[in-house]
Amino acid sequence: MVDGSDPRVRALSVDEYLVKLREQVDALKVWSNTPDIRFSSKTRERVLLYFINRAVQIGEAAFYIPKLRTPLALFARTLCEDLFLLFWASQSEAKALEFEKRATSASLTVLRKNLEQNRARIRHRETGEDVTQQFLPEIKDLISESPQIRTLAFESGLGKVYDILYRFNSLDVHGNTFGLPLDEDKNSIPVIVSAIVAFLRAMLFIVKGEAATAEDILQVLNIRSVEEDQM
């Protein structure tokens with residue numbers, strides 16, 4: 001990705017970035033089809049495969065809509081968030097298990113909210129009796145507080161990625177680009193596509209590497225580390 005940190009890096013055209021996008025997607029597909037990964041019983045490998053399959057789908061979609069800036073920005077932001085979670089969960093089996101609980105808790109939170117607002121009910125399969133109130137305490141017990149994405153990013157050493165890339169692309173996600181010249185700026189599209197390529201490359205680096213560090217990820221994204229900024 002080009003962020004101006006290295007003047008020797010040449011900005012590519014959209015078509016050139018699309019070639020790189022295709023290369024990264026194909027490489028992710030190869031990794032995801034590795035038998036040791038596809039059939040692994042370890043939570044860590046299953047979590048990594050989950051995120052890589054998401055990345056493949058997003059990469060494929062981005063490849064076919066290279067002229068649509070807003071969807072590309074949404075994809076970039078999603079991949080950035082997935083990168084934070086993937087990097088964090090990849091660090092150990094324990095963290096992968098914690099992510100699994102995080103995902104389960106998120107689903108149960110949605111269910112709990114709808115049950116509490118009487119928008120959904122739990123009924124006994126045989127009698128049809130409403131047993132919502134009986135199960136609500138059990139559902140609540142399974143819900144736990146999870147660290148926010150910002151916390152995970154900064155604790156993992158990727159706070160700069162959060163501030164520079166995640167925050168910027170969040171403007172599109174939340175519909176806060178009104179009044180900004182982004183939609184009319186065709187020059188922003190190569191930048192967003194380059195970010196998508198960089199995120200895919202970083203995710204592939206994580207799953208293929210032995211022990212990726214935050215410095216490794218920053219280097220793959222062509223972002224200066226905090227230490228370099230202070231020099």
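This is a predicted model: local features need pLDDT of at least 70, side-chain atom pairs count only at pLDDT 80 or more; totals for chains, interfaces and linings use all residues.
Residues are numbered from 1 along each chain as its sequence is written, and side-chain values use heavy atoms, with hydrogens and water left out.

**View 1. The chain comes to eleven helices and zero strands.** Helices (H or I, at least four residues) and strands (E, at least two) are DSSP runs, numbered from the N terminus. The C-alpha atoms fill a box of roughly 70 × 45 × 35 Å, taken along the principal axes. Of the 231 residues in the chain, 43% are buried, where buried means under 20% relative accessible area, exposed over 50%, and partly exposed in between, with a 1.4 Å probe and protein chains only.

**View 2. Helix α1 (residues 14-32) packs against α9 at an angle of about 25°, with the axes 9 Å apart.** Axes are lines fitted to C-alpha atoms, for helices over the stretch in contact, and angles run from 0 to 180 degrees between N-to-C directions. The two helices α1 and α9 are therefore roughly parallel to each other, a term for angles under 35 degrees, whereas those over 145 count as roughly antiparallel, 65 to 115 as roughly perpendicular and the rest as oblique. Residues of α1 including Leu 21, Leu 28 and Trp 31 meet residues of α9, among them Val 193, Val 197 and Leu 204, contact meaning heavy atoms within 4.5 Å. The residues of this contact of α1 with α9 divide into 16 nonpolar, two polar and three charged; Ala, Val, Leu, Ile, Met, Phe, Trp, Tyr, Cys and Pro count as nonpolar, Asp, Glu, Lys and Arg as charged, and the others, Gly among them, as polar.

**View 3. The axes of α4 and α8 come within 8 Å and cross at roughly 140°.** That angle makes α4 oblique to α8. By class, the contact of α4 with α8 has ten nonpolar, three polar and four charged residues. Helix α4 (residues 69-89) is mostly covered, with 15 of its 21 residues buried.

**View 4. His 174 lies in the loop between α8 (159-173) and α9 (188-208).** His 174 is exposed, because its relative accessible area is 52%. Although His 174 and Leu 74 are 100 residues apart in sequence, they are 9.6 Å apart in space, C-alpha to C-alpha. Leu 74 is one of the α4 residues that meet α8.
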